[in-house]
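Please look over the sequence and the model before reading the points that follow. They are meant for someone who meets this structure for the first time.

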Amino acid sequence: MSDARDGRVGVLKTYKLYIGGAFPRSESGRTYEIADAQGRFLANAALASRKDARDAVVAARGAFAKWSGATAYNRGQILYRIAEMLEGRRAQFVEEVRQADGLQKRTAERVVDAAIDRWVWYAGWSDKVAQVRGSSNPVAGSFFDFSVPEPTGVVAVLAPQESSLLGLVSVVAPIIVTGNTCVVVAAERGPLPAISLTEVLATSDLPGGVVNVLTGSAAELAPWLAAHMDVNAIDVTGADGESAPLEALAAENVKRVVRAREDRSPWEIGAFMELKTVWHPIGR
């Protein structure tokens, strides 16, 4: 691509996957073209394979113990740091959202601002959600009975196709804030904001493997993630109403299936948590 102002040739880009905190090429060697909303070529992106999906699940599982074992306060601080870095690259994200979603600049600015604010909102819930979702339960006997929320584990995510950044943040932030790790299939038609977000994640304090991002065909990758025996839950928000086959595959290991849900709610965060009940005798 040339620049008419100075005659120079722009740097053509081929973006890679984000797995385990690194940026590997697809093991298949495949790529596909990314175009803006008007069909103009922007760059090439890796076309992830089922082997890449398996590698991403391995990375997510490997990161789970450290991330879920971190304090809620620490996780909140890391999410807030991500929001700070998004703010610093706001102009870049505005341009990429404008191209990916076909928005006017002013609308794209509002979308990016909402995405940054949403990171901050979830960061604030990190050390509060246990008080909302947990409880002390009345029992008939000389016992204390507590319900304590815990992270589900590894979550597969099909990101919304129609909202390349805000939709992505809306599904990823509530998953990782409580200690889950995830494998995300980015919006196929407009993955650039997701790719740029991985560059933010890689240079933040978020441990590698907590968020893994695959670009390419959701129709190709989703069945393998839904059937994967080491995936504990799958968010089918981006399945565009074609979630029934994925739900059938998820049933093989009683995988939790989460559909499109209310934005910004502690109950939404709870969709990716398990409740552990603890009994303890009352001392005398």
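This is a predicted model: local features need pLDDT of at least 70, side-chain atom pairs count only at pLDDT 80 or more; totals for chains, interfaces and linings use all residues.

1. Residues are numbered from 1 along each chain as its sequence is written, and side-chain values use heavy atoms, with hydrogens and water left out.

2. On helix α3: this helix covers residues 90–101, twelve in number, and reaches 16 Å from its first C-alpha to its last, close to the 16 Å expected at 1.5 Å a residue. The expected span is taken as 1.5 Å times one less than the number of residues in the helix, and helices (H or I, at least four residues) and strands (E, at least two) are DSSP runs numbered from the N terminus. Just after α3, Gly 102 takes a positive phi of about 70 degrees.

3. On the buried side of α3: the residues Phe 93, Val 94, Glu 96, Val 97 and Gln 99 are buried, where buried means under 20% relative accessible area, exposed over 50%, and partly exposed in between, with a 1.4 Å probe and protein chains only. These buried residues pack against β3 (41–46), α2 (72–88), α4 (105–125) and α7 (192–202).

4. On Gln 99: which residues does Gln 99 touch, not counting residues up to four places away in sequence? They are Asp 36, Ala 37 and Leu 42, a contact being heavy atoms within 4.5 Å. Gln 99 belongs to helix α3, and it counts as buried because its relative accessible area is 17%.

5. On helix α4: the 21 residues of α4 should span 30 Å at 1.5 Å a residue, and the end C-alpha atoms are 31 Å apart, which agrees. Its buried residues are Ala 108, Val 111, Val 112, Ala 115, Ile 116, Arg 118, Trp 119, Tyr 122, Ala 123 and Trp 125. The elements that cover them include α2, α3, α5 (129–133), α6 (166–176), α7 and α10 (266–270).

6. On the salt bridges: how many salt bridges does the structure hold? There are eleven, each defined by a side-chain nitrogen of Lys or Arg within 4 Å of a carboxyl oxygen of Asp or Glu. In one of them the side chains of Lys 51 and Asp 55 meet at 3.0 Å, N to O, and both residues lie in helix α1 (residues 50–69), four residues apart, about one turn of the helix. Lys 51 is partly exposed at 32% relative accessibility, and Asp 55 is likewise partly exposed at 30%.

7. On two further pairs: Arg 81 forms a salt bridge with Glu 84, with the closest N and O atoms 3.3 Å apart, and the two lie three residues apart in helix α2, about one turn of the helix. Arg 81 is partly exposed at 34% relative accessibility, as is Glu 84 at 39%. In helix α3, Glu 95 forms a salt bridge with Arg 98, the closest N and O atoms being 2.6 Å apart; being three residues apart in that helix, Glu 95 and Arg 98 are separated by about one helical turn. Glu 95 counts as partly exposed at 34% relative accessibility, and Arg 98 counts as partly exposed at 27%.

8. On Glu 150: this residue is found in strand β5 (residues 143–151) and is partly exposed, with a relative accessible area of 31%. Not counting residues up to four places away in sequence, Glu 150 touches Phe 272, Met 273, Glu 274 and Lys 276. The C-alpha atoms of Glu 150 and Val 94, which are 56 residues apart along the chain, are separated by 35 Å.

9. On Val 254: phi of Val 254 is near 55 degrees, a positive value in a residue other than glycine. Val 254 is found in the loop between α9 (244–250) and β10 (256–258), and it is exposed, with a relative accessible area of 74%.
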